[in-house]
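Please open the structure in your viewer and keep the selection tool at hand. The tour goes from one selection to the next.

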Amino acid sequence: SLSSSSSSTAAARSSSSRLLHEQAAAAARSRSSSRSRNFEGGTRTLTLLLRKLGCVSSDLSRSGLSSVSSLVLLCVMLVVGIEARVTTFVASPGMRNSCAMAGTGQDACVVRLTGNPSTGFRWLAEAEHDDLVHFGEGEFQRNATPKDGLVGTRGVYEFRVKPKSADATGKTRVNFFYVQPWTVKGQLTGTHSPHYVLDVDVY
């Protein structure tokens, strides 16, 4: 009777041990599955952003990008792509340029226009669709050479046109006017002819 009781206790302990082991294994599988889903979700998000920037093709995005090395490589491609997409235009009155940029908030089109604020004139910019891009007021940089760096001489107005948000897409036109600000009432677009135009495509 004592032997039978000991055998029953040992069997119960063995069954309990197997149950605990199975529960631990199930929990580990669940955590692994959760990490895998999170990784795949992050990979899909990164792939969509890279496709938007033109860094990867649709064929590559369909391949799954399952390895960590592929993800790291794509991150490097993303950083390089963002840093490289800045286009500068040395413009002058009567010109018109076009610029395309990804709506990541990092791309920019830089416009440089010669001006002389001591005459009372300055460059002002207006976007026909101001929900797509922003640029602020032009930053004036006086010529640094000894000949032209005196007070009252000309310099360059620099405008940095950027997407207004990461999901901004569409086309707009930024009109630049060389005017005396105190003579301006309301918007210049539609009432004055622009002195320089930048066509912007945010994709």
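This is a predicted model: local features need pLDDT of at least 70, side-chain atom pairs count only at pLDDT 80 or more; totals for chains, interfaces and linings use all residues.

Residues are numbered from 1 along each chain as its sequence is written, and side-chain values use heavy atoms, with hydrogens and water left out.

**Stop 1: the core**

Select Val133, Val161, Val174, Phe176, Tyr196 and Leu198. These are the residues with the most contacts inside the largest nonpolar core, which has 23 residues. A nonpolar core is a set of buried Ala, Val, Leu, Ile, Met, Phe, Trp, Tyr and Cys residues joined through side-chain atoms within 4.5 Å. Buried means under 20% relative accessible area, exposed means over 50%, and partly exposed is in between (1.4 Å probe, protein chains only).

Next, colour the strands E1 (86-91), E2 (96-101), E3 (108-115), E4 (122-127), E7 (155-163), E8 (170-179) and E9 (196-202); each supplies at least two residues of this core. Strands (E, at least two residues) and helices (H or I, at least four) are DSSP runs, numbered from the N terminus. Which strand gives the largest share of the core? It is E9, with 4 residues.

**Stop 2: Tyr196**

Centre the view on Tyr196. Leaving aside neighbours within four places in sequence, Tyr196 is in contact (heavy atoms within 4.5 Å) with residues including Phe89, Met95, Arg96, Trp123, Val174 and Phe176.

**Stop 3: the salt bridges**

How many salt bridges does the structure hold? There are 3. A salt bridge is a side-chain nitrogen of Lys or Arg within 4 Å of a carboxyl oxygen of Asp or Glu.

- Select Arg96 and Asp199: their closest N and O atoms are 2.8 Å apart. Arg96 is in strand E2 and Asp199 in strand E9, so the pair ties together parts that are 103 residues apart in sequence. Asp199 is partly exposed, at 21% relative accessible area.
- Select Arg112 and Glu158, whose side chains meet at 2.7 Å, N to O. Strand E3 holds Arg112 and strand E7 holds Glu158, so this pair ties together parts that are 46 residues apart in sequence. Arg112 is partly exposed at 25%, whereas Glu158 is buried at 18%.
- Select Arg173 and Glu128, with closest N and O atoms 2.9 Å apart. Arg173 lies in strand E8 and Glu128 in the loop between E4 and strand E5 (133-134), so parts 45 residues apart in sequence are tied together. Arg173 is partly exposed at 24%, and Glu128 is partly exposed at 38%.
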